[in-house]
Amino acid sequence: MEDKEERIETSLVAIVIDATPAKKFASQPLDGSSMMNRIFDSMIAFGNAHLMQASHNKLAIVACNSKSTKFLYPSMDGTSRSYHNRPGQYDMFAKVDSDVRHGLGELILNDLTNNDSTKSDSLLGGAMARALCYIHRVQRELSLSHQLKPRILVVSGSCDSALQYMTFMNVFFTAQKENVVIDCCMMDTDSGLLQQGCDITGGQYLHIPSIAGLLEYLLWVFLPSPSCRSKIVLPPPAKVDYRAACFCHHKLVDIGWVCSVCLSIFCKFSIMCTTCNTEFKLNRPAIVPAKSKKRARIE
């Protein structure tokens, strides 16, 4: 028998941070420090804990707000930022700390100083799509001796955006096809769309009751790999809301009409699909002409 070489398992975690609710979190004090500083510390500690589990593990961090998405680690603009590591600190941990704090702080500061009063939704779907593209690139660049086990962790505090329903669905089913697990940690609010994504890809969805325990929940629920989660006690899964968003008013509907050509969803009936311009023919009952009554002949 020929000895088969064992492939080295490489775990890649792509963290997607939604910085849209930063204005709300930044103004709320928590134990003498702001909530944003607590979130910063928790995300950096979680990323370093994942890198510390195995020497072949990889990490990627993407942040987004209502205006743009940005890669925090590794840097995609080709610039190398100087960092200062404390005595005895691993160089990679110091680089993750510096890049995340600088990039996320810059993204939040631009959002806070923006005087645009128009309210727009978070670009969370686009950030998740960028994370998928990065996972695909890493998978293509790895040698045959490595086996990549990728997953995406979404940390958000924003409500559902029905305008990005199709973007979310495309990301979810692409991740399912590429065997990418999507986990979600929600703060302050719930998200029915992200619940669907976690259920479709076999990930874990969790709405934490308090930001003060964010790091504890991250290390308990999301640090173990999906293959190990069946052996530990996790919070019970939440009921998934599988309502779809209509294409006409972008609202979640329980009952609607679906185009038979492009599968667009509408909350009200229309004789023409506004997405693919297909005209629908109504199956009306056939009209039977009334029989003419013959006059009786009087003899």
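Here, a residue counts as buried under 20% relative accessible area, exposed over 50% and partly exposed in between, with a 1.4 Å probe and protein chains only.

## About the model

This is a predicted model, in which local features need pLDDT of at least 70 and side-chain atom pairs count only at pLDDT 80 or more, while totals for chains, interfaces and linings use all residues. Residues are numbered from 1 along each chain as its sequence is written, and side-chain values use heavy atoms, leaving out hydrogens and water.

## The sheet

Let's start with the strands. Helices (H or I, at least four residues) and strands (E, at least two) are DSSP runs numbered from the N terminus, and two strands pair if DSSP finds at least two bridges between them. An open sheet is built from six strands, with mixed pairing and the order S5-S4-S1-S6-S7-S8. At the edges stand S5 (69–73) and S8 (205–208); each has a single partner strand, so one side of each lacks a neighbour in the sheet. From one strand to the next, the twist averages 20°.

Cys-64 is found opposite Thr-69 in S5.

## Helices on the sheet

Two helices are worth a look here. Contact means heavy atoms within 4.5 Å; axes are lines fitted to C-alpha atoms, for helices over the stretch in contact, and angles run from 0 to 180 degrees between N-to-C directions. Helix H2 (residues 35–53) lies across S1 (8–18), S4, S6 (146–156) and S7 (181–187), and runs at about 170° to S1. Helix H7 (residues 214–222) also packs on the sheet, where it touches S6, S7 and S8, with its direction at about 160° to that of S7.

## Aromatic pairs

Which rings come together? Rings of Phe, Tyr and Trp (its six-membered ring) pair if their centres lie within 6.5 Å; planes under 30 degrees apart are stacked, over 60 edge-to-face and the rest tilted. Searching the whole structure gives three aromatic pairs. One of them joins Phe-168 and Phe-172, a tilted pair at 5.9 Å centre to centre with 40° between the planes. Both residues lie in helix H5 (residues 165–177), four residues apart, or about one turn of the helix. Phe-168 is buried at 5% relative accessible area, and Phe-172 is buried at 0%.

Back in helix H7, Tyr-217 and Trp-220 are three residues apart, about one helical turn. Their ring centres are 6.2 Å apart and their planes at 35°, so this pair is tilted. Tyr-217 is partly exposed, at 23% relative accessibility, and Trp-220 is partly exposed at 38%.
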